[in-house]
Amino acid sequence: MKNKALNTVLNGILRENPVFALVLGMCPTLATTTSALNGMSMGLATTFVLICSNVVISLLKNLIPDKVRIPAFIVVIATFVTMVQLLIQAYVPVVYDKLGLFIPLIVVNCIVLGRAEAFAAKNTVGLSALDGLGMGLGFSLALTLIGALRELLGTGSLFGMNLYSETYGMLIFVLAPGAFIVLGYLMALVQKLLKK
Amino acid sequence: MAKLQSSFKNMLLSLTLIALVAAAALAGVYTMTAGPIANASAKKQQEAIKQVLPEVEGMTFAKADTVYVVEKSDTVSTIILHKAYVGEEWIGTAVEASTEGNMNMPFGGTFKLMVGFDQVGNVVNYVVLEQAETPGLGALMESWFCNKEKDGQNILGKNPATTNFTVSKDGGDVDAITASTITSRAFLEVVVRAYNAVAQQPMLIEKVEVEPAEAFVCPNGNDPLECAGRGCAEQYCLKQKGDQQ
């Protein structure tokens, strides 16, 4: 049982990493990773939604008839996303200023609905929570890594700390093409490491 | 418990119940966060106001004035004025204005500034309240126009009435952000619109000395006062006295 729980968490972080292996949730991955902090904040907000929605959907799975499962899942997910949005706006306004537009978009993030449909609707509450945690951490790690690389190469800083002069930064990494370049190389690297 | 069948009744009940619980949960969180959200927003605004006005002890603020300005772009913009006083003396105004109503639209959606002016209309400082410009390019406006080491791009201490607040590419006196002329044009236009909103206020109008216009002399002896309100006064006057109007 312990092994199963650990496997469920590790699965989301490594083998089925939502960004590098499942290639889900590309919109926030590409758009919010302009800095390490932005990537991490987005990842953690998504993790919270994933855990809560997985738990609630797993609890309600027998009360939701199959034909209306998608609208029911979306209502549950949207509720948690709105809660996260209000909480971030109230208690971490700095993060809200940076991510404002992208927080409501967590509702349509494929990872959240994907895990609700593929895992939470078929498994126990405990395992669903662990799956949400694993997937969320995997997503957060991926976004933080992409954000850190883009910030470092583009502006010469990491988590806002200046490591070298911004003048030598390659601006392209902060812009949209940089997101695709970093994502592509990281995906190739992770796949290579996983196949070893 | 067995899974509910997809009958009409079950589907209706299930969705209604989920929607009701969701609504109640959201109402709870909203009530809990409404206060802190309002506080955070007010705190941010207060800090921005203090940052853009001269550092003076004992500064007090009048109730914010919201003015609606019909802009050249034929849209109505909302500009908020925070007038600061020391005792009875008015020492400056912090103006909250956005690109709404601009003729030069920004590159990445609307942005909002807080610009501070002293009694004579010199820019004291500015803070970018909201922006979605490209990092490393347009987003540099946060530090570009207040760089005191580069006079060409610095707008602090300058007055839109005496300095041409358009980018040098358009014949103005301010250097645009490298590779972000669109953002720079939009930024400078917001500053000028903010200035104009202050200039329309009675307090500043008292300060500005208006030169009397030269009296119009009718070249053929007609009474200039008669010309008033008849469109082009000069054309009217050029007609010979006694001609039919």
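Me: What should be kept in mind about the model and its numbering?

Reply: This is a predicted model, in which local features need pLDDT of at least 70 and side-chain atom pairs count only at pLDDT 80 or more, while totals for chains, interfaces and linings use all residues. Residues are numbered from 1 along each chain as its sequence is written, chains are lettered from A and ligands numbered from 1 in the order in which they are written, and side-chain values use heavy atoms, with hydrogens and water left out.

Me: Why is A:Phe173 called buried?

Reply: Buried means under 20% relative accessible area, exposed means over 50%, and partly exposed lies in between (1.4 Å probe, protein chains only). A:Phe173 has a relative accessible area of 13%, and therefore counts as buried. Its place is in the loop between strand 2 (161–162) and helix 8 of chain A, where helices (H or I, at least four residues) and strands (E, at least two) are DSSP runs numbered from the N terminus.

Me: What does A:Phe173 touch, not counting residues up to four places away in sequence?

Reply: With contact meaning heavy atoms within 4.5 Å, A:Phe173 touches A:Arg150, A:Leu153, A:Gly154, A:Gly178, A:Ala179, A:Ile181 and A:Val182. A:Arg150 is 23 residues from A:Phe173 in sequence, and the two are 5.1 Å apart in space, C-alpha to C-alpha.

Me: What makes a group of residues a nonpolar core, and which members of the largest one touch the most other members?

Reply: A nonpolar core is a set of buried Ala, Val, Leu, Ile, Met, Phe, Trp, Tyr and Cys residues joined through side-chain atoms within 4.5 Å. The largest has 49 residues, of which A:Val19, A:Phe20, A:Val49, A:Ile106 and A:Leu183 touch the most other members. Several helices of chain A, including helix 3 (36–60) and helix 7 (125–155), and also helix 1 (8–52) of chain B, each supply at least two residues of this core, and helix 4 of chain A gives the most, with 11 residues. Apart from this core lies another, of 32 residues, among them B:Val128, B:Ile177, B:Ala186 and B:Tyr195.

Me: How do you know that the length of helix 3 of chain B agrees with its number of residues?

Reply: The expected span of a helix is 1.5 Å times one less than its number of residues. Helix 3 of chain B (residues 181–199) has 19 residues and should span 27 Å, and its end C-alpha atoms are 27 Å apart, so the two values agree.

Me: What makes helix 3 of chain B largely enclosed by the rest of the structure?

Reply: Of its 19 residues, 14 are buried, and helix 3 of chain B is therefore largely enclosed by the rest of the structure.

Me: Why is the pair of B:Arg185 and B:Asp170 called a salt bridge?

Reply: A salt bridge is a side-chain nitrogen of Lys or Arg within 4 Å of a carboxyl oxygen of Asp or Glu. The closest N and O atoms of B:Arg185 and B:Asp170 are 2.7 Å apart, and the pair forms a salt bridge. B:Arg185 is in helix 3 of chain B, and B:Asp170 in the loop between helix 2 (141–144) and helix 3, 15 residues apart. B:Arg185 is partly exposed at 27%, and B:Asp170 is partly exposed at 42%.

Me: What makes the pair of B:Asp151 and B:Lys158 a salt bridge, and how is each residue classed?

Reply: Their closest N and O atoms are 3.6 Å apart, and the two form a salt bridge. B:Asp151, at 52% relative accessibility, counts as exposed, while B:Lys158, with a relative accessible area of 15%, is buried.

Me: How many salt bridges does the rule find across the interface of chain A and chain B?

Reply: The rule finds 2 across that interface, where A:Asp66 forms a salt bridge with B:Lys3, the closest N and O atoms being 3.7 Å apart. At this interface, 28 residues of chain A are in contact with 28 residues of chain B.
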